[in-house]
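Welcome! Here is a short tour of a protein model, taken one topic at a time. Keep the picture beside you as you read.

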Amino acid sequence: MTEKERIIKEGRIPAKFFEEEVRCDFLVTEDRKKLWAVLLDMLLKIDNVCKKHQLTYFLEAGTLLGAIRHGGMIPWDDDIDIFMPRKDYNKFVQLSEEFPHPYFLQTPYTDPEYFYCPARLRNSNTTGVVETFAYQNFNHGIWLSIFPLDNWETEGGEQRYEYIKDLIKENSTYMRLTNPHLSEKDKIRVKNYSGRNPLEVYEEIQQIAQQFNAKPTEFIAAAVSAVISYRRKIWYAEDFSSAIEWDFEGFKFPIPVGYDRFLKTMYGDYMQLPPVEERGHHHDGAIFNADIPYKEFLETYKKDRQ
């Protein structure tokens, strides 16, 4: 049984959802709809677990933008991201037993060769492979990312942020070591790799990000994902003081009460659509397949590249 068939059979998403359609002059194919359905299914599972354990979360980044601007997925998007306040996040990542197969709650402690900083919920019956990391031995199912929100002091903040970014790059390099088909740029990067224990690097990132949580701060950040400019990643804590429910692909999910200021910080004039030629694949170098388990896909992928 494919995940599409399971999701329909369990009544989580109706069969009509999978029909292709044009949104904002962009063709949303059946394959993209299947990807979205897997993502929505994981979000619904997280929503149930968070309600059960009284944990707070918010739609964030492009997912939040999609909720406000499109009432659901951005038509050319291929992932879902959520925020959790750190205290809720730390509880959430201990709940792996709440996510039986095909779900898999992924951290370095549940999947020892995975060293991304945000936790991810994966669907093991699907494929979500970033080709750079395709040879790293961890779960490569379609993913939903969960980012912790930490209190943030702006004094010295940019320097801390850039240091975290360097540590993230170090672990990203580690996860390239297993790939025999690197670009010339990545070969140089691997050649200069420090060799430091990646779990120690991961834990240092978490420690730096959490150092101000004992006291209230004006600002918060998802500093463990320091991959875009600092000015776009620091937000007012009051904008996340509570949640409101918002329509998203026929369901309702929580968004931060100060979503407007957050989205302006992230995207500027966020209601303006990008040019048609820029409406395309969101994750470069990623392969998604909602019908094939990642283990089966990778076996063929690696054979073809020998």
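A residue counts as buried when its relative accessible area is under 20%. With that cut-off in hand, we can look at strand 7, where Thr127 and Val129 on one side and Gly128 and Val130 on the other are all buried, so both faces of the strand are covered. Please keep in mind that this is a predicted model.

**Strand 7 and its partner**

- Strand 7 covers residues 127–130, and valine 130 is found in it.
- Strand 7 pairs with strand 13 (residues 286–289) in the antiparallel sense, over four bridges.
- To see one of these pairings, find threonine 127: its bridge partner in strand 13 is asparagine 289.

**A closer look at valine 130**

- Is valine 130 buried or exposed? Its relative accessibility is 19%, so it counts as buried.
- Which residues does valine 130 touch, leaving aside its neighbours within four places in sequence? They are Tyr116, Trp143, Gly285 and Ala286.

**Strand 4 and its two pairings**

- Strand 4 runs over residues 81–85, and four of its five residues are buried, so the strand is largely enclosed by the rest of the structure.
- Strand 3 (residues 58–59) pairs with strand 4 in the antiparallel sense, over two bridges.
- Here phenylalanine 58 stands opposite phenylalanine 83, which belongs to strand 4.
- Strand 8 (residues 142–152) pairs with strand 4 too, but in the parallel sense and over five bridges.
- In that pairing, isoleucine 82 has isoleucine 146 of strand 8 as its bridge partner.

**The nonpolar cores**

- In soluble globular proteins, nonpolar side chains tend to be buried together.
- The largest nonpolar core in this model has 91 residues, and the members that touch the most others are Ile46, Leu59, Ile82, Phe92 and Ile146.
- Which element gives the most to this core? Helix 2 (residues 30–53) does, with twelve residues.
- Another core, of seven residues, lies apart from the largest one; Tyr135, Tyr294, Phe297 and Tyr301 are among its members.

**Helix 3 with helix 8**

- The axes of helix 3 (residues 61–70) and helix 8 (residues 259–267) come within 11 Å and cross at roughly 120°.
- That angle makes helix 3 oblique to helix 8, and their crossing is left-handed.
- From helix 3, Ala61, Gly62, Leu64, Leu65 and Ile68 meet Tyr259, Phe262, Leu263, Met266 and Tyr267 from helix 8.

**Helix 5 with helix 7**

- How are helix 5 and helix 7 oriented to each other? Helix 5 (residues 157–174) packs against helix 7 (residues 198–210) at an angle of about 155°, with the axes 10 Å apart.
- Angles over 145 degrees count as roughly antiparallel, and helix 5 and helix 7 are therefore roughly antiparallel to each other.
- The crossing of helix 5 and helix 7 is left-handed.
- Among the residues that meet here are Tyr163, Ile164, Leu167 and Ile168 in helix 5, and Val201, Tyr202, Ile205 and Ile208 in helix 7.

Technical notes:
Residues numbered from 1 in each chain as written. Predicted model: local features only at pLDDT ≥ 70, side-chain atom pairs only at ≥ 80, totals over all residues. Heavy atoms only, no water. Buried < 20%, exposed > 50% of the residue type's maximum accessible area, 1.4 Å probe, protein only. Contact = heavy atoms within 4.5 Å. Pairing = 2+ DSSP bridges. Core = buried A, V, L, I, M, F, W, Y, C linked by side-chain atoms within 4.5 Å. Axes fitted to C-alpha atoms, helices over the stretch in contact; angles between N-to-C directions. Parallel < 35°, antiparallel > 145°, perpendicular 65-115°, else oblique. Left-handed = near helix turned anticlockwise from the far one by under 90°.
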